[in-house]
Amino acid sequence: MPTPAPARNRTIPVGATALAAVAALLLAGCGPSDPAEPTPPPTAAAPTPSASSSPSTTPTAAPAAEPERPLVNAGAVAEGAPASVSGEGPARIAVVRDGDFGVVARLDCAACTGDVVLTSEGRGSPWGAGPAPLTGTYLVDVLEGTEAKQGFLLDAAGPWTLTFSSWNELPVLTGPQQGSGAAVLLLGDTASGARIDYTPAGPGDSLLARVVSAVDVDPATGPASLVLGGDEALSETADVALPGVVALSTNGTWTVTPLP
């Protein structure tokens, strides 16, 4: 498969919300009064003790602390030479890409408990997230101006293994593909695009799919690509020429069908 340069993506507009403020005005008035009767001279009154206010002792809730993540080094990933690292519990993982290729990460957290999240620093949505046990394969680097040194954040309870490899080592698949969970597929069909059908695993599940062409490659901007997805069942077509790579980040079920 050709080694791509930075990919061209389509972006999805995001709606905006507006806030309205309401203010109230309080008016007061007084009317005329009758003339006052003469009054005797005022007499001194005993001072009334005043109550003193005491400072509030209500405790302030402290912000939730980030989990402690020790740094583990996976080393370098190269063509034909995957990089693998294992650990237990939360961690920061460092890996270096030695060459020009897309990087695929496979997470094995089958013996974990609780919730599992794999992401990168500053990333808006995680590469993968869900209740344990969790295993999945994620397309984490497609050479979009990225640095060779990559960093990942993993929140998990229990033992795990994370393996990085070149997308050129993916098995070549043909015809419709079905499965569940996060996966990266290398489709060898000659096709005008692919239809993606998706069913959520349950409330809170979503799909983020990316299709990257291996044949529609612009020397200046790299391979054509398209991102689609949502949190409801869908059937959508990605008009991206194949052969190419289809990356699916979800816990639900899916079918990918090459189109003539």
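Reader: How many cavities of 30 Å³ or more does the structure hold?
Author: This is a predicted model: local features need pLDDT of at least 70, side-chain atom pairs need 80 or more, and totals for chains, interfaces and linings use all residues. Residues are numbered from 1 along each chain as its sequence is written, and side-chain values use heavy atoms, without hydrogens or water. A cavity is a set of points on a 1 Å grid, over the protein atoms alone, where a 1.4 Å probe fits but cannot get out. Cavities of 30 Å³ or more number two.

Reader: Which strand gives the most to the lining of the second largest cavity?
Author: The second largest cavity holds about 40 Å³ of space, a volume filled by probe spheres set on grid points joined across faces, edges and corners. Its lining residues (an atom within 4 Å of a point) include Val95, Val96, Arg97 and Phe152. With three residues, the top contributor is S3.

Reader: What type is the aromatic pair of Phe152 and Phe164: stacked, edge-to-face or tilted?
Author: The structure holds one aromatic pair. Phe, Tyr and Trp rings (six-membered ring for Trp) pair with centres within 6.5 Å; planes under 30 degrees apart are stacked, over 60 edge-to-face, the rest tilted. Here the ring centres of Phe152 and Phe164 lie 5.2 Å apart and the planes meet at 35 degrees, so the pair is tilted.

Reader: How many residues apart in sequence are the parts that the Phe152 and Phe164 pair ties together?
Author: Both Phe152 and Phe164 are buried, meaning under 20% relative accessible area with a 1.4 Å probe and protein chains only. Phe152 lies in strand S8 and Phe164 in strand S9 (residues 159–166), so the pair ties together parts whose sequence separation is 12 residues.

Reader: Is the disulfide of Cys109 and Cys112 left-handed or right-handed?
Author: A disulfide is a pair of cysteine sulfur atoms within 2.5 Å. Cys109 and Cys112 have theirs 1.8 Å apart. Cys109 is buried at 0% relative accessible area, and Cys112 is buried at 6%. The torsion about their S-S bond is about -80 degrees, so the disulfide is left-handed.

Reader: How far apart are the C-alpha atoms of Val245 and Leu187?
Author: Val245 is found in strand S17 (residues 242–249). Val245 counts as buried, at 1% relative accessibility. Leu187 is 58 residues away from Val245 along the chain, yet their C-alpha atoms are separated by 6.1 Å.

Reader: Which strand gives the most to the lining of the largest pocket?
Author: A pocket is an open set of grid points with protein on both sides within 12 Å along at least five of seven lines. The largest pocket holds about 400 Å³, and its 18 lining residues include Arg123, Trp127, Leu139, Val140 and Arg210, which lie nearest its centre. S7, strand S14 (207–218) and S17 each supply at least two lining residues. The leading share, five residues, comes from S7.

Reader: Which strand supplies the largest share of the lining of the second largest pocket?
Author: The second largest pocket holds about 240 Å³ of space. It has 16 lining residues, with Gly128, Ala129, Ser206, Ser249 and Thr250 closest to its centre. Strand S6 (128–131), S7 and S14 each give two or more residues. The largest share, three residues, comes from S6.

Conventions. Helix = DSSP H or I, 4+ residues; strand = E, 2+ residues; numbered from the N terminus. Buried < 20%, exposed > 50% of the residue type's maximum accessible area, 1.4 Å probe, protein only.
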